[in-house]
Amino acid sequence: MANELGSRERVLSILALLVLGFSVLLFRSGYLQVVKHGHYARLSQQNRLRRLMIPAPRGLVFDCNGVLIAQSRPGFDLVLVTVNDWQASVSKAAVLLGLDSLLLRSSVISQRRIFPKDPVVLVKDLSPEQVARIEENILNLPALRLEVESLRKVEYGSLASHLVGYTSSLGQSEYAKYRDQGYNYGDYIGKGGLELKYENYLKGVNGWDFIEVDARGRDLGTVSEAQRIEPDPGSNISLTIDWRLQSLAESLFTGEMIGAAVAIEPRTGRVLALVSRPNFDPNLFAAGIRADDWNRLVNDSSYPLWDRAIRSAYPPGSTFKVVTAAAALEESLITPEQRMKTSCHGSLVIGNRSFKCWKKGGHGSLDLRGAIVNSCNVYFYQLGMLLKINGMAKWSEKLGLNQATGIDLPQENSGLIPDDLYYQKRLGRNAKTAGHSANMSIGQGEVMATPLQMASLYAALANGGVWCQPHLLLRAEDHAGKVLMGEVISKKRLPLSDGTISVIKQALYGAVNEPGHTGGAARIYGVKVCGKTGTAQTPHGNDHSWFVGFAPQDEPVIAVAVLVENAGHGSEVAAPIAGKIMRKCLEIRGLLPQPDQAKAVMQ
Ligand SMILES: [Zn+2]
């Protein structure tokens with residue numbers, strides 16, 4: 001309650017700031033005038049009133065605790081309002097602002113060609129110094145005036161940039177598309193992330209002021225309050241994101257690291273953190289991005305605008321072994337205690353090719369738990385050949401792969417799970433696929449999944465087989481606090497027996513905590529962390545480093561997937577990042593045991 005109250009107060013103060021932006025401007029420029037009422041109808045008939053848009057501030061974005069992530073700020077634009085003697089005014093303004101007069105004038109001519117009746121925006125988002133310079137000289141600039149618009153401002157720069165998205169103003173072709181939906185030319189619209197997904201809530205309805213002009217089109221002053229149509233600010237949204245966890249997760253991608261992290265609360269599907277690196281600063285887009293900034297972003301070979309957490313599918317490597325294991329158990333092809341026909345001696349020959357285990361000396365004979373703990377490829381190659389491609393494809397789909405999770409973000413990638421048909425199309429009807437089965441069993445070959453899909457799958461295992469749709473919206477509410485849309489928690493039971501889930505969870509505990517483990521770097525003393533590393537081969541450079549896991553084993557509060565591109569072993573790069581994210585989540589929730597309690601938990 002305290003948080004809600006806090007956010008509402010903040011909403012009011014931000015609105016007040018925007019209104020203040022207008023008043024100061026109108027007052028300082030000498031526009032405030034009170035004119036008698038009967039006068040207007042006559043003025044209107046004589047075409048002596050000009051409509052001035054009062055932009056509606058966009059709705060605010062908060063995290064789950066009321067931390068403000070995105071708000072609006074006033075931006076001051078220099079606008080040409082009359083064509084009479086415009087060239088002199090524009091040339092003088094160019095000198096005052098240190099801009100190229102010729103460029104400004106040609107911009108006017110081209111804008112007027114498109115919208116002959118509308119005011120022309122000369123310069124957007126002036127700096128405070130530029131505003132002061134124009135104001136001091138406003139009497140010498142009769143064709144110009146300053147106008148206020150409402151611009152997006154994200155509070156933490158590039159943090160969570162893909163998740164939040166950015167806004168940009170409607171250009172000529174877009175305006176034609178959106179005008180019937182109540183947009184004005186130059187209005188701002190969400191272009192990615194939640195700004196796009198929840199545009200309908202976030203956008204407000206612009207208001208209008210009416211300004212009296214003389215016969216030559218010059219402003220004489222605003223008309224009375226009674227004529228004004230107040231803007232209706234956009235609604236606010238609160239997210240499931242916990243900003244403390246988000247900022248910690250972002251900070252763990254150091255240096256030039258490229259990758260993604262997704263943290264989910266297994267019981268609800270709430271996304272607690274969603275990171276994609278490299279990122280970008282949405283503030284660059286606020287008043288229209290500069291050409292050099294745009295070129296830098298789109299020509300960057302690391303694609304900073306691309307959301308790797310939900311739009312990039314990667315080979316999941318050994319993190320996929322839980323799917324192979326679950327499929328084999330559910331199809332009763334093995335029992336948990338059963339050992340494979342061939343022990344691991346470091347490789348397995350299939351056809352005329354040798355398929356390697358990561359441990360050169362081999363793991364010997366293992367049961368299922370041992371194979372997951374040690375991440376033994378030779379064990380899984382044999383399981384893959386028992387299941388065959390369609391067996392693994394069927395269970396991948398039952399567990400939610402090969403399909404979008406339906407998270408409330410645009411442009412989610414569905415990943416890829418190949419089946420027999422896929423290989424028949426590629427390799428012909430009679431192609432031998434045992435090698436492909438072996439590759440698929442360890443999440444290599446054509447198998448692809450997004451970090452979000454892997455986090456969501458492990459969250460379901462953590463939650464006893466109940467999959468909860470990952471989502472980001474806690475609620476949307478108008479500025480009076482009325483809830484327009486509440487949280488939607490959507491659940492589905494995966495077709496896995498309790499026995500299968502229990503075997504897999506215990507093996508994932510072992511993979512982090514037992515001798516032979518690969519995920520020890522994600523360990524948290526005193527907490528039963530479960531998880532699996534992956535070191536996925538890729539034709540594009542070094543292996544990708546994965547860790548997917550959850551904590552604690554019983555009543556888990558977080559599932560997390562971490563992917564670092566071309567960073568090598570999952571055990572060395574992704575696992576420690578995932579461990580720190582889980583640790584922070586437990587710390588926030590007061591679930592990190594004291595040292596004396598910790599010992600008892602781990603026994
Ligand atoms: Zn092995």
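## Domain division and contact

The protein is divided into domain 1 (2-237) and domain 2 (243-601), with bounds that come from an automatic or database domain assignment. This is a predicted model, in which local features need pLDDT of at least 70 and side-chain atom pairs count only at pLDDT 80 or more, while totals for chains, interfaces and linings use all residues. Residues are numbered from 1 along each chain as its sequence is written.

Between the C-alpha centres of domain 1 and domain 2 the distance is 46 Å. Domain 1 contributes 36 residues to the contact and domain 2 contributes 29 residues; two residues are in contact if their C-beta atoms, placed from the backbone, lie within 7 Å.

## The domain 1 side of the contact

On the side of domain 1 that touches domain 2, two or more residues each come from α1 (2-28), β5 (144-154), α6 (161-164), β6 (167-169), α8 (193-197) and β10 (236-239). Helices (H or I, at least four residues) and strands (E, at least two) are DSSP runs, numbered from the N terminus.

The residues of this side comprise 17 nonpolar (Ala, Val, Leu, Ile, Met, Phe, Trp, Tyr, Cys and Pro), seven charged (Asp, Glu, Lys and Arg) and twelve polar (the others, Gly among them).

## A three-stranded sheet

An open antiparallel sheet is formed by three strands in the order β1-β8-β9; two strands pair if DSSP finds at least two bridges between them. Its edge strands, β1 (49-54) and β9 (219-222), each pair on one side only.

Strand β1 is joined to β8 (residues 207-213) by six bridges, and the two run antiparallel. Within β8, glutamate 212 stands opposite leucine 49.
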